[in-house]
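Please read the briefing below alongside the sequence and the coordinates. It takes the two chains in turn and then turns to single residues.

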Amino acid sequence: MYGNDFPAGDAPGGGLLDEVEAAEAALREAAERGRRGATAGEDLAAYFAEVIDADQKIEPRDWMPEAYRKTLIRQIAQHAHSEIIGMQPEGNWISRAPSLKRKAILLAKVQDEAGHGLYLYAAAETLGVSRDELVDLLLSGRQKYSSIFNYPTLTWADVGAIGWLVDGAAIVNQVPLCRCSYGPYARAMIRVCKEESFHQRQGYEILHTLAHGTPAQKAMAQDAVDRWWYPSLAMFGPPDSDSTHSAQSMAWKIKRFSNDELRQRFVDMCVQQAEVLGLTIPDPALRWNDERQAYDYTQPDYDELMRVIKGEGPCNRQRMEHRRRAHAEGAWVREAAAAYAAKQRNKEKVAA
Amino acid sequence: MSTEHTPLWEVFVRARRGLSHTHVGSLHAPDAELALRNARDLYTRRQEGVSIWVVPASAITASSPDEKDAFFDPAADKVYRHPTFYEVPDGVAHL
């Protein structure tokens, strides 16, 4: 309801939302399309390959290669962790949002991030891993979350830049996941992507308002874009030449496009959107390449990406400390709820 | 959050009056009442539903997909259960 400030046609993410709906339609269509003579039979591996080839979905209790299961657990869990940790940079601004309207919107957005984390944890659990294990993997640092959330939100304009660039990059990354071969993940991503579109638009609107405000407000918006541009490009991961998980994930239809393809797509989308904002993308080498029909651009600093992933970003420690503290301080709520449920069960037993 | 204290619940949402409840996902909650409230907050933030069911995941008995063909086989060779099995003579209306 907050996302309709821009006409649908040229709104950022508008085309992507259509793609999400197309993915949803394809999911239904693939489900209705029977596979003639398809029997699980003796050869489970052949059956698995057949389902993938037919662009149909693997479901939780189907046989699947152990490596497929492991890859999905790792990817879905890290995605879930990112949503949960991702609440922090924006939550940082809830109490200081410049108006009641902005505060209500930001609260709704941060609540969505929690929801996305939960959809994804639920999808990961269908693969046979427990929620406790997943939480433990995050808190003990054995599983990662997206490096982008280790950057600080210094000004209100950062909330806008996160919505436009970080959520924008996330959507470009995630829309193809709506067609992922694993059913529960694909369905969770359809839900997530529909909601992300509101996030991207609210960020864009914040920047648009600032960029058309006082010179100081415009400068604040430009500063935020300057700081968030390259970390957002790095969200697509290392360049294809260094990407370790890609080939197998593509074959299994977990991943549909390479890191570099998605990064290019994001850059091409942002250029026109930046023009409408009246803000400059901080890349002097950015220019249209007629031959490639795409923009040439400067690559992000991948050494920095690796350092941040390893824990040496500006906020890694703060984010993890906050998460551990929130988990520990919430323990009494979980215990109280469990004690209450146990008491009610006992009462029922006595009554019976 | 110990799993034994917060069991898994499957969530079904009726989008609108007249439609059936559809499985939308799952969540953890210590009891049915909290499961319902959590389901409302998690799966219907944008008015996606007018009614919610929560069912303990442990209470669901599922057929195994690995046996699905044998399990559902008896229905496969009874084509005469479908109206398209029958030839309708030319000129018959309202059949």
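Predicted model: local features only at pLDDT ≥ 70, side-chain atom pairs only at ≥ 80, totals over all residues.

Residues are numbered from 1 along each chain as its sequence is written, chains are lettered from A and ligands numbered from 1 in the order in which they are written, and side-chain values use heavy atoms, with hydrogens and water left out. Chain A holds 14 helices and two strands, whereas chain B has two helices and three strands; helices (H or I, at least four residues) and strands (E, at least two) are DSSP runs numbered from the N terminus.

**Overall form of chain A**

- The radius of gyration of chain A is 22 Å, which agrees with the value near 20 Å that a compact globule of 352 residues would have; this radius is taken over C-alpha atoms, and the globule rule is 2.2 Å times the number of residues to the power 0.38.
- Along the principal axes, the C-alpha atoms of chain A fill a box of roughly 70 × 55 × 40 Å.
- Of the 352 residues in chain A, 52% are buried, where buried means under 20% relative accessible area, exposed means over 50% and partly exposed lies in between (1.4 Å probe, protein chains only).
- Contacts (heavy atoms within 4.5 Å) between residues of chain A at least 6 apart in sequence join residues at least 24 apart in 78% of cases.
- Chain A exposes about 16400 Å², and carbon and sulfur atoms supply 55% of this area; accessible areas come from the Shrake-Rupley method with a 1.4 Å probe, and for residues only the protein chains shown count as cover.
- Chain A carries 43 positive and 49 negative side chains, with the centres of the two sets 6 Å apart; Lys and Arg count as positive and Asp and Glu as negative, without His and the chain ends, and each charge is placed at NZ of Lys, CZ of Arg, CG of Asp or CD of Glu.

- Not counting residues up to four places away in sequence, A:Y182 touches several residues, among them A:Y68, A:M64, A:L72, A:I76 and A:L127.
- A:H79, which lies in helix α3 (residues 66–85) of chain A, is buried at a relative accessible area of 11%.
- The C-alpha atom of A:H79 is 7.6 Å from that of A:G117, although the two residues are 38 apart along the chain.
- With neighbours within four places in sequence left aside, A:H79 is in contact with A:L120, A:Q174, A:L177, A:Y185 and A:M189.
- A:K109 belongs to helix α5 (residues 100–125) of chain A and counts as buried because its relative accessibility is 0%.
- Beyond its neighbours within four places in sequence, A:K109 has contacts that include A:E90, A:D167, A:H199 and A:Q202.

**Overall form of chain B**

- Read along the sequence, chain B follows the pattern β-β-α-β-α.
- Its radius of gyration is 21 Å, well over the 12 Å that the globule rule gives for 95 residues, so chain B is more spread out than a compact globule.
- The C-alpha trace of chain B spans about 65 × 35 × 15 Å along its principal axes.
- Buried residues account for 23% of the 95 residues in chain B.
- Among contacts in chain B with a separation of 6 or more, 41% are between residues 24 or more positions apart.
- The accessible surface of chain B comes to about 6900 Å², with 56% belonging to carbon and sulfur atoms.
- Chain B has 10 positive and 13 negative side chains, and the centres of these sets lie 12 Å apart.

**Segment after α2 in chain B**

- B:P83 sits in the segment after α2 (68–72) of chain B and is exposed, with a relative accessible area of 68%.
- The C-alpha atoms of B:P83 and B:N38 are separated by 45 Å, and these residues are 45 apart along the chain.
- B:H94 is also placed in the segment after α2 of chain B and is exposed, with a relative accessible area of 86%.

**Backbone angles**

- Most residues other than glycine have a negative phi.
- A:Q293, in the loop between β1 (287–289) and β2 (294–296) of chain A, has a positive phi of about 55 degrees although it is not a glycine.
- B:H94, likewise a residue other than glycine, has a positive phi near 55 degrees.
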